[in-house]
Amino acid sequence: MNERPAPPSASPPDDSAALQAALSEQQQRADYFQRQTEQLAARLVKADAVGSTLRHELEQKRRGFSLLAGLSAALTLTPTSNAHAIFQTTCQRVNATLNMERTVVLRPVARDTFTVALTQGYERNQADALLATEIHVPVDTLLQNGYVLITRESGRDHLHNLRTALSLPFLIAVPVMQDNDVMAIIITGRTREQKPFMPQLGQGDRETLQAIAAYISAIFAQGAMLDVEHMNQRLRLENERISMAKEQAEGLAKAKSEFIAVISHEVRTPMNGVLGLSRLLLDSDLQPEQQDLAQTIVSSGETLLGILNEILDLSKLEAGRIELEKLPFHPVSMVEDCMALIAAQASDKGLALACHAAADVPGTLIGDGARVRQILMNLIGNAVKFTERGSVSVATSIAPSLPGDAGVTVLFSITDTGIGLSEEEKTRLFRRYEQAGAWVNRRFGGTGLGLSISKQLAELMDGTITVHSTIGQGTTFIVTLRLGHSSSTGPGRPVPHIPEGQMVLIADPDPMARQLLTRQLEMWGLIVGQATTMEDLYDCGPLLQQGGAIIASTRLGADIAACLQTVASNSGVGSSPRALILSCGSKRLPPAKETAIPWIAEPIRESSLKAAIEWLFATPSKRSDTPSPHFAAMSPPVEGPSPSLPSLSILLAEDNIVNQRVAIGLLERQGARVVAVENGQQALAALQHTRFDLILMDRHMPDMNGIEAVQTLRRLPPPHGTLPVIALTAAASQADAQECLDAGMNAFVSKPIDPKQLYQVILSLVEPSSSAQTPALRLPSPTLLPTRGTCAGHNPNDPAIIADLVRDLGIDILQELNNDFSHSCRNLLDTINTAISTRNHSEIEYATHSLKSAAGFLGIRELADAAAEIEQQAKIQAETVWQAAARLSTLAADGQRWLAAMTLHHARTTEQ
């Protein structure tokens, strides 16, 4: 503000001068006020401009607020998935609120390339022409400021095509972003410029358009989140549904498995009785027609049991309840055992059986030997079933492996010369309940489950089963299994000890049997020749003269022995040449036929062939001192007669029916009288009514065990208190033996019982006498006898025990034991399952001890060992016992199958 000027100073009165001065002063004042007025006017103009700008900005803010509020209300009910409706509403609101003529939405089709997706304010023909038109828009320029404004002053540049393509000389474009990408561009503008264009579409409007773009981006982002949330919700509901369906399916599978297991056991028990009685009937004096009917009953029963076993295995596979063991087993001897079990069936059809294992096949591998055996038995059995003539062979080899591979891939090739398969038949071969064709079921029978089960078992071992076949030429199944190396130094493969370069001629008309035997002998370093007819043998005199040997098959003719003796006589080597007869098929030599030439039965075992080759190439003096042997089934060493137990009265306290029957059979065959009871209380009660010479006491029994019974017995007065007591138990440790002896027992015999050792212990304690007086008690050193069969290699079960039982008790008792064991297994497994559900350690301990004892008696070592381990876990109340005990049913079923097979094998051997 300018200062008001000071008034002029006083001067001498002078009218004109004074007037002049006054006028001057007034002029100054007028000028001053003029300047003030101009300044004030300028300020008023400036204030009016500012007010106008503020009013315009406020109007923009109001329009923006109104636009956003209206758009928000309009889009509230619009689904986020309907992008067209969202953009259409936006265009309508922008045109109406911002006083625009046209609004366009572009959607991207590629980088910097967009297409017109929606228009507002255009004539219909213009709108139709614009839709789907591609327009180039540089995205980087658009994103640089967040918008693009085109006016008259913009000039011709790289954005000029926008105003040309859209017929909008004046426009503004804003991007709609989603996940850092341009999902759309909103363009609005006018066809003519309003004066001025920029003030009417100012910063506020640009900010409003950008806010709208951000709002739409948020809508789509929220929609995406809602879509994800809805998707997650649907997935959660679907997962819950699937989980419920899975639980229901698992429950149904479990119920089905349990039902099948119960039915299997319920049917198997009476069927074992049917089979046992039928076999006893076959041993009696029957008419030929009756013999045929009884044999039909046995064959039908065996078929039914096989079907039950297959269904039980299938249910376990479906429920995922089969757990593979990792135990040592011998692959070569396993194949030989399988071939031996099927030999009788092959012999009836006149088929050649041969097997060979490559030199690199280990003597011992780690895996589930029982399941491997099951696969091989199924495939070998099928090969024999579907082959009418020719041969069935099994070749074992090892696939190449990488250095450092911890496992080994074993290949079992089962080849037959049977009916073969077409390509269409091979495609459905491994399906459940299906066979190669309907005629196959009608002609050969079967359920169609065996191959399906075998393939699933192979896949559980990281392997597979493949098939190669030609109609009318035979079939080859190749089983590939991943097994483990054995770290233990178990028994290796047999190798004959003979001089190098020995020559041998194989005479056999069957090419497969001849080829596999040639491989085996060449693997041992022999020089092998081949012949196919008996006439070829008559030219082999020079071979015998040079110290060579001949292996001739009975398939050449029934008089093969005479032919070989003639060749030997003509060649001057005597009547006992270096020759071996291969007895095979329907032309098998009877065991009673004695010749100067040894013979070996088909299928040939490596150990038997080794012994035969060593005998053939032994020195003449050694061969002359050794009688002509039969190498297929060496007889056990001849032992002295078993000691008898005449007039002894023995009390047997044993709760297991299988063990009872074995012990009673062993003792009664030696003339003893036996009374059996099931627990210690019954034993003490029996002493009050009957005089006994000896007590055989099981250690683990219900109600009162053997330890408690003996302690009570020793407190009684003579003669009861001084009766000799022998402990019978499957526990074989020194601590268990000492516990029995400390309780008052006189000796300790472990199960399975060796008959001769039992007799010796009994005779060491009592003097048998015909009098009724109680024999004098002897107190020898405590006897601890090892469990028989524990050093018999790594086979899961012990066939020698079965052979001993047949020798000592007879085949009838073994058949009864087979039935008793199945019944006992069912009851004990029921007890174990109940104990698992109630978490009862003591019941588990009792039941597994009984199962261990019964299985040990019968040589089922795999089951006995597992039961013993679980018994120890139950003693210390380990939590792992429940899962371990649940696996016993599988091992018990395997044990029953093995025992049934061994019983059938010995029954057939006895019949022959």
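Student: Why is Asp703 called exposed?

Tutor: Asp703 has a relative accessible area of 66%. With a 1.4 Å probe and protein chains only, a residue is exposed over 50%, buried under 20% and partly exposed in between. The value of Asp703 is therefore in the exposed class. This is a predicted model, in which local features need pLDDT of at least 70 and side-chain atom pairs count only at pLDDT 80 or more, while totals for chains, interfaces and linings use all residues. Residues are numbered from 1 along each chain as its sequence is written, and side-chain values use heavy atoms, with hydrogens and water left out.

Student: Which phi does Asp462 have, and where does Asp462 lie?

Tutor: Asp462 is not a glycine, yet its phi is positive, about 60°. This residue follows helix α13, in the loop between α13 and β12 (464-470). Asp462 counts as exposed because its relative accessibility is 62%.

Student: What makes helix α13 mostly covered?

Tutor: In α13 (residues 450-460), 8 of the 11 residues are buried. These are Gly450, Leu451, Ser452, Ile453, Ser454, Gln456, Leu457 and Ala458.

Student: Is Cys540 buried or exposed, and which class holds Cys740?

Tutor: Cys540 has 8% relative accessibility and therefore counts as buried. Cys740, with a relative accessible area of 0%, is buried.

Student: What makes a set of residues a nonpolar core, and how many residues has the largest one?

Tutor: A nonpolar core is a set of buried Ala, Val, Leu, Ile, Met, Phe, Trp, Tyr and Cys residues joined through side-chain atoms within 4.5 Å. The largest has 62 residues, and Ile762 and Ile844 have the most contacts inside it. Helix α26 (residues 811-838) gives the most to this core, with 11 residues. A second, separate core of 46 residues includes Ala383, Leu449, Leu457 and Val467.

Student: Which residues are in contact with Ile762?

Tutor: Contact means heavy atoms within 4.5 Å. Apart from neighbours within four places in sequence, Ile762 is in contact with Leu645, Leu648, Ile650, Leu667, Leu694 and Ile726.

Student: Why is Leu609 called buried?

Tutor: Leu609 has 4% relative accessibility, so it counts as buried. It lies in helix α18 (residues 606-616). Neighbours within four places in sequence set aside, Leu609 is in contact with Leu517, Gln520, Leu521, Trp524, Ile600 and Ile604. Leu517 is 92 residues away along the chain, and the C-alpha atoms of Leu609 and Leu517 are separated by 9.7 Å.

Student: What makes a space a cavity, and what volume has the largest cavity?

Tutor: On a 1 Å grid over the protein atoms alone, a cavity is a set of points where a 1.4 Å probe fits but cannot get out; its lining residues have an atom within 4 Å of a point. Grid points are joined across faces, edges and corners, and a volume is the space filled by probe spheres set on the points. The count comes to 7 cavities of 30 Å³ or more, and the largest has a volume of about 210 Å³. Its lining has 20 residues, of which Ala354, Cys355, His356, Gln520 and Ile604 lie nearest its centre. β8 gives the most to that lining, with 5 residues.

Student: Which classes make up the lining of the largest cavity?

Tutor: Ala, Val, Leu, Ile, Met, Phe, Trp, Tyr, Cys and Pro count as nonpolar, Asp, Glu, Lys and Arg as charged, and the others, Gly among them, as polar. On that basis the lining has 13 nonpolar, 3 polar and 4 charged residues. The lining of the second largest cavity divides into 3 nonpolar, 1 polar and 8 charged.

Technical notes
Helix = DSSP H or I, 4+ residues; strand = E, 2+ residues; numbered from the N terminus. 1 Å grid on protein atoms, 1.4 Å probe; cavity = no way out; pocket = protein on both sides within 12 Å on 5 of 7 lines; lining within 4 Å.
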